[in-house]
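Here is a colleague's note to read beside the model. Please keep the structure open and look up each residue as you go.

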Amino acid sequence: MPIDAIGAIGSIGAATGTAGASAASAATGTRGSSFSDALSGAVDNLQQLQGTSDSLAVQAVTGNLDDIHKATLASTRAQVTLELVAGVRNKAVDAFNEIMRMQA
């Protein structure tokens, strides 16, 4: 069974200009989605993954799940996505604080 790509990574990569957009267009923000849209999409994806993980965990505990690997993969996928979103958020807060420390 192939492992699906995490959707949050692609949407964040598109916002930072690493998904094929040129550096000039990424800097001006004329193409692609904004950073807030990408982060919102990542959080929505995270909520979906956590919901799936929770429902599969309940099925595993109650004995209604035939393949325990599905629950393990869903849980790991949700955990990795959470770490990714938290890391991006932390970097954004650090960048904002750095900008606020700049003198005009």
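The numbered points below go from the whole chain to single residues.

1. What you are looking at. This is a predicted model, in which local features need pLDDT of at least 70 and side-chain atom pairs count only at pLDDT 80 or more, while totals for chains, interfaces and linings use all residues. Residues are numbered from 1 along each chain as its sequence is written, and side-chain values use heavy atoms, with hydrogens and water left out.

2. Confidence. The predictor's confidence in each residue is its pLDDT, from 0 to 100. For the protein chain the mean is 78, and 68% of the residues reach 70 or more. Among the elements, H4 has the highest mean pLDDT (93) and helix H2 (residues 23-28) the lowest (44). Over residues 12-28 the pLDDT is below 50, and this stretch has 15 contacts in the model beyond near neighbours in sequence; a contact means heavy atoms within 4.5 Å.

3. Overall build. The protein chain has four helices and zero strands, giving the pattern α-α-α-α along the sequence. Helices (H or I, at least four residues) and strands (E, at least two) are DSSP runs, numbered from the N terminus. Of contacts between residues at least 6 apart in sequence, 65% join residues at least 24 apart.

4. Buried means under 20% relative accessible area, exposed over 50%, and partly exposed in between (1.4 Å probe, protein chains only). Of the 104 residues, 21% count as buried.

5. Helix H3. How far apart are the end C-alpha atoms of H3? They are 40 Å apart, which agrees with the 40 Å that its 28 residues should span at 1.5 Å a residue; the expected span is 1.5 Å times one less than the number of residues. Among the buried residues of H3 are Leu39, Asn45 and Leu49. After H3 comes glycine 63, whose phi is positive, near 90°.

6. Alanine 42 lies in helix H3 (residues 35-62) and is buried, at a relative accessible area of 0%. Leucine 82 is 40 residues from alanine 42 in sequence, yet their C-alpha atoms are 9.2 Å apart in space. Serine 53, also placed in H3, counts as buried at 10% relative accessibility. Leaving aside neighbours within four places in sequence, serine 53 is in contact with Ala74, Ser75 and Ala78.

7. The salt bridge. Which side chains meet in a salt bridge? Those of glutamate 98 and arginine 101 do, at 2.8 Å, N to O. The structure holds one salt bridge, the term meaning a side-chain nitrogen of Lys or Arg within 4 Å of a carboxyl oxygen of Asp or Glu. The two residues are three apart in helix H4 (residues 68-101), so about one helical turn separates them. Glutamate 98 is partly exposed at 42%, whereas arginine 101 is exposed at 59%.

8. A nonpolar patch. Phe96, Ile99, Met100 and Met102 form a nonpolar surface patch with about 470 Å² of accessible area together. Patches are made of residues with over 30% relative accessible area and no salt bridge; like charges are joined within 9 Å, and nonpolar side chains (Val, Leu, Ile, Met, Phe, Trp, Tyr) within 5 Å. Methionine 102 sits in the segment after H4 and is exposed, with a relative accessible area of 57%.

Definitions and conventions
Accessible areas come from the Shrake-Rupley method with a 1.4 Å probe; for residues, only the protein chains shown count as cover.
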